[in-house]
Amino acid sequence: MRLLVTGGAGFIGSHYVRTLLAGRLEGGEDARLTVLDKLSYAGNAQNLPMGHPRLEFVHGDVCDLGLLLDLLPGHDGVLHFAAETHVDRSLRHAAEFVRTNVGGTQALMEAALQVGVGRVVHVSTDEVYGSIEEGSWDEERTLLPNSPYAASKAASDLIARSYWSTYGLDLCITRCSNNYGPRQHPEKLIPRFVTNVLEGVALPLYGDGRNVRDWLHVEDHCRALHLVLTRGRAGEIYNIGGGSEQTNLAVTEALLDLLDADRSLIQHVADRKGHDWRYSVDDTKIREELGYRPSVPFERGLAETVQWYRDNPEWWKPAKHDGHAAMPPEQTSQEEV
Ligand code: NAD
C-alpha cells in the first residue's frame, strides 16, 4: 500500500504518519508514505521521522494541480489533512482559508480522479454543523457553519463529495470533534494554556468558559481514520467523537490542577463574536459499522499531553514565539479546530 498524506507535517497528519510507520495500524505495516506539506507556520518537519525508508517528504502546496498530477501516480490512497485550521485566524484571513481548504481540496479531488488513485479520505470537522444546544448531530444534519474556517471546511466537504456523486471517486469524509495530544500547535486551547502556565502567563478564557467541546485524543482519531481508509464505504460520511464533553472552564481547571498552578491564572476575557456554544457529534455510525471506540480516557490523555509539553519546550517555544501564536488575549482562540 502506498499512501499520499497531505498536511502530514501538522498535528494530526504527523501523528498518523508516525503511527503507521511504527506498524501500529492494522493492514498498514508495510505501507509507504508520501507526505505533501507546504510547511506553513503550523507545519513542522521535526514532527516526521525524516529519513525513514518508507517515508518520502515533498515540500509543496496542495493547491498545485500540476504537482499533484506528478506526485499521485503509483499511490493507492490519499489522506487529506492539509488545511488552514485556526478559527481565530480565519476571522482575519478568510481568503487564505478558502484558497487552501476549498481550492486545495478541489485540486486534490481533481488529481485523484484524473490519476485514478484508490480511496481518498477527506478529513473534516464537526464545526461544519454549527452549534447545538442539546442532543448531537448525526451525519445527515444540515451544515450550518459559523466561522470562515468552518464554512471553508463545509465547502470543501461538498466539493469533495461532488467528485464522488458526479464521477464516482472512491471518497469518504470524516467529521471529528476537538483533537488534543502531543505536537499540537500552541495557538490551540490545551497547548496554549499549558505553555502559558509553564511560562507563568495568564490564561485568557473566553466569556464565562461554559462553552462545551467534545475532546478526542489524536491517537483515537488516527485509528478511526485508518478504519475509514481501509473499511469505510465509498461516498459515506463518518462522524468521529471522543465521548468526552467538557466545558472550557472544566478543561482549564483540570490543566491547572495537573500543573499544580493557581486558579487565579484564569483571566476571563470578552467572548468572541459568533462563538459556537456547543459541539456534539453522534458517532453511532462509525461505532456500529467499523467497530470504532475511543480508547484514551480524557483524564489520562490530558495528563500525558501536559507531560509531553513539560518535556519538550524546544518543540513548542519556537512555534509559540514566532509571531503567529503570540497574539494578544482578545485575539487568541480557545477554539480547537
Ligand atoms: P495543523 O494546522 O496542525 O496542520 C495543518 C498542516 O497542513 C500543516 O502541516 C501545514 O503546513 C499544512 N498545510 C497548510 N496549508 C497547506 C497547503 N496549502 N498545502 C500543503 N500543506 C498545507 O492541523 P491539524 O490540527 O493537524 O488538522 C488536520 C486536519 O484535521 C485539518 O483538515 C483540520 O481541518 C482537521 N480537523 C482538526 C481538528 C483538531 O482539533 N485539530 C478537529 C477537526 C478537524
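Which residue's side chain does Q246 join in a polar contact of 3.2 Å? Select Q246 and S244: the side chains of these two are the partners. (A polar contact is a pair of N or O atoms within 3.5 Å; within protein, one must be able to donate a hydrogen and the other to accept it, and residues adjacent in sequence count only if both atoms are side-chain atoms.)

Before moving on, a word on what you're looking at: this is a predicted model, where local features need pLDDT of at least 70, side-chain atom pairs count only at pLDDT 80 or more, and totals for chains, interfaces and linings use all residues. Residues are numbered from 1 along each chain as its sequence is written, and side-chain values use heavy atoms, with hydrogens and water left out.

Stay on Q246 for a moment. Q246 belongs to strand β11, residues 245–247. (Helices, H or I with at least four residues, and strands, E with at least two, are DSSP runs numbered from the N terminus.) Q246 counts as buried because its relative accessible area is 19%. (Buried means under 20% relative accessible area, exposed over 50%, partly exposed in between, using a 1.4 Å probe and protein chains only.)

Next, click E219 in helix α7, residues 218–231. Its relative accessibility is 38%, so E219 is partly exposed.

Jump to A9, in the loop between β1 (2–6) and α1. A9 is buried, because its relative accessibility is 0%.

Last stop: the ligand. Around it you'll find 30 residues, and the closest are I12, D37, T85, Y149 and K153. (A residue is near a molecule if one of its heavy atoms lies within 4 Å of it.) Zoom in on three of them:

- I12: a polar backbone atom is 2.8 Å from an oxygen atom of the ligand.
- D37: a polar side-chain atom lies 2.6 Å from a ligand oxygen.
- Y149: an N or O atom of the side chain is 2.7 Å from a ligand oxygen.

Finally, colour the shell by residue type: 13 are nonpolar, 13 polar and 4 charged. (Ala, Val, Leu, Ile, Met, Phe, Trp, Tyr, Cys and Pro count as nonpolar, Asp, Glu, Lys and Arg as charged, and the others, Gly among them, as polar.) Strand β5 gives the largest share of that shell, 3 residues.
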